[in-house]
Amino acid sequence: MKKKNQKKMGKIVGIICLLFTLAVTSTCTYKGIELKQNCTGYLKQAADANTVETASEQLSKSIDYLEKNDLTKGYTSVIWNTPDEDIGFFYNNLKSSQEELLKVNDSTSSLEKTNVLMKLRETLMDNSGERGDNVTCPDGLSRYPNNGLFGALALLSLVTLLIGLILLSLEL
């Protein structure tokens, strides 16, 4: 009887460990999707825009999201700060691009408008990725300012995943 209860308890603990891992993974995935829906997706559209008006509209949506969620300064890194994780630089670059778009008016020539759009695309897109062009954005922005917490949870979820798999495999 005692052995049967131990097996049952091991199975329950194993399932709880797997559910914890699923919860952490789902939360990180959700945060990434939320950033894409409210910020980086609009940056991609701004980079792809054929008119200054469209680009300005899409860029404004991204900037509004960043300001509303206080994503205007700081670093996404946890241990040491590197330039590619500087949120302030990222935000200020977007604001400068927005100012350039707002300078365009009816007297601006087509060539100048095209140059502004090309400069915007170069600012917003990074073509160093293996999968082609990517939106330039600090890594970990979707989890900011809780990057340390999410890092600890990811490590803990890896451990609980292993424990859960071991416990469940012993019970089979």
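A search of the whole structure finds zero disulfides, a disulfide being a pair of cysteine sulfur atoms within 2.5 Å. For Cys17, the closest cysteine sulfur is that of Cys28, at 18 Å, which is too far for a bond. Cys137 is in no disulfide either, the nearest cysteine sulfur, in Cys39, being 6.0 Å away. Cys17 is buried at 10% relative accessible area, while Cys137 is partly exposed at 22% (buried is under 20%, exposed over 50%, partly exposed in between; 1.4 Å probe, protein chains only). The model is predicted, so to speak of local features requires pLDDT of at least 70, and side-chain atom pairs count only at pLDDT 80 or more, whereas totals for chains, interfaces and linings use all residues. Residues are numbered from 1 along each chain as its sequence is written, and side-chain values use heavy atoms, with hydrogens and water left out.

Helix 1 (2-48) and strand 2 (132-135) each give two or more residues to the lining, and helix 1 supplies the largest share, six residues. Helices (H or I, at least four residues) and strands (E, at least two) are DSSP runs numbered from the N terminus.

On the surface, Leu155, Leu158, Leu162, Ile166 and Leu170 form a nonpolar patch with about 520 Å² of accessible area together. Patch members have over 30% relative accessible area and no salt bridge, nonpolar side chains being joined within 5 Å and like charges within 9 Å; a salt bridge is a side-chain nitrogen of Lys or Arg within 4 Å of a carboxyl oxygen of Asp or Glu. Areas come from the Shrake-Rupley method with a 1.4 Å probe. Ile166 belongs to helix 5 (147-171). Leu158 lies 9.6 Å from Leu18, C-alpha to C-alpha, across 140 residues of sequence; Leu18 sits in helix 1.

Two backbone details complete the picture. Tyr144 and Pro145 are joined by a cis peptide bond, with omega about 5°. Asp70 has a positive phi, near 55°.
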